[in-house]
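Colleague: I'm new to reading protein models. Could you walk me through this one?

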Amino acid sequence: MNCRYCQKRLGNNPVLEYGIFPMTPNAIENDLLRDQNGNAHTYEFTIIICSKCGLIQQLNQPNPDILYFRFKNETTGKKWKQHFQEFSEFIFKNYCANQSILEIGAGDLQLTNMLIEKGMDSITVVEKNIDAKHYNPKILFIFSYLEEVNFVKKFDIVYSSHVFEHVSNISIHLQKISTILNIGGSFIFSLPNFEKWIENFYLNSFNQEHVIYPLAKNIKMMLNHYGFHIKHLYEFEQHSLFIEAEYTGQKIFECIDESIYETNLALLNNFKDKLQKFERFINDKVMICKQIYVFGANSSTQLLLKKLKHKQNIICILDNATIKENKFLYGFDYVVKKPEILQSINNPEESYILIFTGTYMDEIKEQLLKINKKLNIVTMNDFLNTII
């Protein structure tokens, strides 16, 4: 396997090893997406750092047909809604009338429609598995991956929201964008603030869908190499980075800063140390609990379940997404229910509600306590307070 940016051979010395892991963080019907033996599709989930450019990335990669088997996300939380609102404003300040606009990976079209409501004339969307229920006549759909399309025109703005980290060959991705942008055009994108996620020990810092985990220094180097110059970089809370890069066409081939590797290695080693301590903490907690509910039909819960030695008292998985309700967390035999079932929970003092959902943790805890103020909730803060 070669580095997804600089193409150096990665070797076989991963920093983090999650072991055999489900190929998708989805929730689906229990009898779907099985291998020839009737089991969930799995792969070796490991995280490595390129020793040349310092890019954190997966050593392997799930089969995309399994990984993206079905559209799975709904924007339900306050933070995601705020992200879209602020990111749409970040994009729109660059817009002038009659400019040509391309969105990469539009998902459920919420961001697209926000920009049209703000005054964009029309937007071309390129997406392989688009959910077009929010159709708007000002949207032109191209049902494909960006790299596979032969565009007949260039664009003034190309933007994406939380797509960059999903790209398996980031060099080809950036090269393609550079060929379809006019000189002086803008490439605007948001992605997770991985440095903060890893520092804060979010369990979803690494998941199957994110094949690369670039930090700000990595991003600057990548963009410069393909003729982009960062004009603005904005940190949206500790959730995302918003980046506006102008395409100048002047490629800057910088010498790779060897300190990036050492900095990123220290960051991952600190995360690994906390992960070992967390495993002891959470198993001590659940041993004494009669009923356990876990919030989040996602990769965080899949990791948590792999770390738990005592799973017999888990009642179900909780999630706000309607499209996940009454389905099963992939790779596990736990059904997904809406949090409202906690209204009638028996003996809440004898139950634990586990919330390890990264940057969304506080808003979810607030939501659940409104459902039932007697809930006994355990979050990542409870763990982090034990190691201060």
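Colleague: Which residues of H7 meet H8?

Modeller: Contact here means heavy atoms within 4.5 Å. Helices (H or I, at least four residues) and strands (E, at least two) are DSSP runs, numbered from the N terminus. In this predicted model, Leu275, Phe278, Glu279, Ile282 and Asn283 in H7 meet Leu303, Leu304 and Lys307 in H8. That contact splits into five nonpolar residues, one polar and two charged. For the sorting, Ala, Val, Leu, Ile, Met, Phe, Trp, Tyr, Cys and Pro count as nonpolar, Asp, Glu, Lys and Arg as charged, and the others, Gly among them, as polar.

Colleague: At what angle do the axes of H7 and H8 cross?

Modeller: Axes are lines fitted to C-alpha atoms, for helices over the stretch in contact, and angles run from 0 to 180 degrees between N-to-C directions. Under 35 degrees counts as roughly parallel, over 145 as roughly antiparallel, 65 to 115 as roughly perpendicular and the rest as oblique. The axes of H7 (residues 259–287) and H8 (residues 299–307) come within 10 Å and cross at roughly 70°, so the two helices are roughly perpendicular to each other.

Colleague: What are the ground rules for these values?

Modeller: Residues are numbered from 1 along each chain as its sequence is written. Local features need pLDDT of at least 70, side-chain atom pairs count only at pLDDT 80 or more, totals for chains, interfaces and linings use all residues, and side-chain values use heavy atoms, with hydrogens and water left out.

Colleague: And what average pLDDT does the chain have?

Modeller: pLDDT is the predictor's confidence in each residue, from 0 to 100. The chain averages 92, and 96% of the residues score at least 70.

Colleague: How many residues does the largest nonpolar core have?

Modeller: A nonpolar core is a set of buried Ala, Val, Leu, Ile, Met, Phe, Trp, Tyr and Cys residues joined through side-chain atoms within 4.5 Å. Buried means under 20% relative accessible area, exposed over 50%, partly exposed in between (1.4 Å probe, protein chains only). The largest core here has 67 residues, and Tyr18, Phe206, Phe278, Leu354 and Leu368 have the most contacts inside it. H7 gives the most to this core, with nine residues. Apart from it lies another core, of 40 residues, including Leu10 and Val126.

Colleague: What is Leu368 in contact with?

Modeller: Leaving aside its neighbours within four places in sequence, Leu368 touches Phe295, Pro339, Leu342, Ile353, Ile355, Leu375 and Ile377.

Colleague: Which non-glycine residues have a positive phi?

Modeller: Leu109 has a phi of about 70° and lies in the loop between S5 and H3. Leu109 is buried, with a relative accessible area of 0%. Asn326 has a phi near 65° and is found in the loop between S13 and S14. At 45% relative accessibility, Asn326 counts as partly exposed.

Colleague: What does H3 pack against?

Modeller: Its buried residues, among them Leu111 and Met114, pack against H2, S5, S6, S7 and S8. H3 is followed by Gly119, whose phi is positive, near 130°.
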